[in-house]
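Please look over this model with me. My notes follow, point by point.

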Amino acid sequence: MKPLLERCLLIACLLTLTICLVAQSTTQPATPANKVATSDELLRTISQLDKQLFDAIDRCDMKTEALFWADDAEFYHDKNGLMVGGPQIVDAIKNNLCGKVKRELVPGTLEVYGLEGYGAVEIGVHRFLHPWEQDHGVVGEAKFIHVWRHKDGTWKITRVISIDHHEAK
């Protein structure tokens, strides 16, 4: 008798799951207004933005760098804590990275995920080299998460989490 009860419960669960999935898929049709770009499209877009962001840092082009940051951006850093405000973040980049390090994205680590109705999340690992006069042979490495907001045709970084800073192996 027990196996029959278990089979009935399993069938009931499967039917409930099927009904929920069908209901969910019919309640929000994909329209141009709410459709996230295909993952390939989004990956290309965010990869290009990432490259432009760090090219601006490498060139110490703070005017261009400032264009990537939302005014209310938050930057969480495992060694330095929280910094709030796009202009403050750009100043910190100018003072701590500009002319001191060159950033290199570790190949194969970039992941990009869409955030419906908002933008995208970028996750990866990058290295910081010291190619200028202060070169001391130490290469730093860290994981990062960037939250990008897409609004009025413009992409801006609203949140950054920069963690696991260590010497590259």
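1. A disulfide is a covalent bond between the sulfur atoms of two cysteines. Here, two cysteine sulfur atoms count as a disulfide if they lie within 2.5 Å. The model is predicted. A search of the whole structure finds 1 disulfide. Cys 60 is joined to Cys 98, with an S to S distance of 1.9 Å.

2. What is the handedness of this disulfide? The torsion about the S-S bond of Cys 60 and Cys 98 is about 135°, so the disulfide is right-handed. Cys 60 sits in the loop between helix 2 (39-58) and helix 3, and Cys 98 in the loop between helix 4 (86-96) and strand 3 (102-105). The pair therefore ties together parts that are 38 residues apart in sequence.

3. Are the two cysteines buried or exposed? Cys 60 is partly exposed, at 31% relative accessible area. Cys 98 counts as buried, at 17%.

4. Next, the aromatic rings. The count is 2 aromatic pairs. In one, Phe 68 and Trp 148 have ring centres 6.4 Å apart and planes at 85°, so the pair is edge-to-face. Phe 68 lies in the loop between helix 3 (62-66) and strand 1 (69-77), while Trp 148 lies in strand 6 (residues 140-151). This pair therefore links parts that are 80 residues apart in sequence. Phe 68 is buried, at 7% relative accessibility. Trp 148 is buried too, at 0%.

5. Trp 69 and Phe 75 have ring centres 6.3 Å apart and planes at 35°, so this pair is tilted. Trp 69 is buried, at 5% relative accessibility.

6. One charge also deserves a look. Arg 103 lies over the face of Phe 54, 3.7 Å from the ring centre.

Key: Residues numbered from 1 in each chain as written. Predicted model: local features only at pLDDT ≥ 70, side-chain atom pairs only at ≥ 80, totals over all residues. Heavy atoms only, no water. Phe/Tyr/Trp six-rings, centres within 6.5 Å; stacked < 30°, edge-to-face > 60°. Helix = DSSP H or I, 4+ residues; strand = E, 2+ residues; numbered from the N terminus. Buried < 20%, exposed > 50% of the residue type's maximum accessible area, 1.4 Å probe, protein only. Lys NZ or Arg CZ within 6 Å of the ring centre and 35° of its normal.
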